[in-house]
Amino acid sequence: MAKEPPGQKKARRQVTTLEFVAMKQRGERIAMLTAYDYLMAGLVDEAGVDCVLVGDSLGQVVAGEDSTLPVTLDQMIYHAKAVHRGLERALLVVDMPFLTYQISAEEAIRNCGRVLQETGAQAVKLEGGHAEIARTIRRLVDSGIPVMGHLGLTPQSVHKLGGYRLVGRAEDEQQRLLADAARLVDAGCFSIVLEMLPRGLAGTITRSVPIPTIGIGAGPECDGQVLVLPDMLGLNEGFSPGFLKRYAGLATSVREAVGAYVRDVKEGNYPGPEHSYE
Ligand code: KIV
């Protein structure tokens, strides 16, 4: 990775939560991706993303779990620290895992505060927009902890939703989502992820709030877009929802590279003299 030596870093402007809102005001679209480790964080930062999310999707794409529910706070902190070391410019947001913010506002402040203190992240992301979550978000923001909201398909509620599905086709769901978005704005969120919503509804919500919306499976009318990095790099071949665009086929590249290595070792072609020491 082309990084300047310590002490000689180029003066690059870091993206802040205030800059996020200013980008919406300027009509500038926001590019966001997940990352879970140091090397990938450095690459996506260098390539120009505005925001990196350490998503609790790591439960599935790093640990092979069926859902995000088993992910712990200590796991999130471990990965967020690694990602933080790889970033120079992008805003770093960390997902708060299941049951770290739902029990009480006090527990939420303690847990979110730990994330900011121990990882270097600038913000946390919480799922949901009902009144109780909004009260907790208000307390967090008043404590100096910036919060990104998350509405629509909220994966920590997968069992309540009855599966990973589009949310917001029914009229009552649409009204609830619009009310939730307004509540998150009032609570002080600097941005909201909209996951798996019909594009028209995502557009209506986007136009109704002064903070940026970041879509995933929510169409082109959001202020920005987020994807899960292994999905968009083509590493997670088993996951191919309609909204996903794959920008590389890394699973094929990995299989080909490892296959070539195995053949070389078996056939005695590697290591050769040029890879040996006198
Ligand atoms: O966990 C995650 O990666 C997320 C994104 C899908 C927004 O929440």
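This report walks through the overall build, surface and salt bridges of a predicted protein model.

## Ground rules

Local features need pLDDT of at least 70 and side-chain atom pairs count only at pLDDT 80 or more, while totals for chains, interfaces and linings use all residues. Residues are numbered from 1 along each chain as its sequence is written, and side-chain values use heavy atoms, leaving out hydrogens and water.

## Overall build

The protein chain holds 11 helices and eight strands, taken as DSSP runs (helices H or I, at least four residues; strands E, at least two) numbered from the N terminus. Its C-alpha trace spans about 70 × 45 × 35 Å along the principal axes.

Of the 278 residues, 48% count as buried, meaning under 20% relative accessible area; exposed is over 50% and partly exposed lies in between (1.4 Å probe, protein chains only).

## Salt bridges

The whole structure has 16 salt bridges, each a side-chain nitrogen of Lys or Arg within 4 Å of a carboxyl oxygen of Asp or Glu. Let's visit a few. R26 pairs with E28, with the closest N and O atoms 3.1 Å apart. Here R26 is partly exposed at 46%, as is E28 at 37%. E19, R26 and E28 are linked in a network.

In helix α5 (residues 105–119), E118 and R114 are four residues apart, so about one helical turn separates them; their side chains meet at 2.7 Å, N to O. Relative accessible area is 34% for E118 and 28% for R114.

R255 and E237 also form a salt bridge (2.9 Å, N to O). Because R255 lies in helix α11 (residues 250–266) and E237 in the loop between α10 (229–232) and α11, the pair ties together parts 18 residues apart in sequence.
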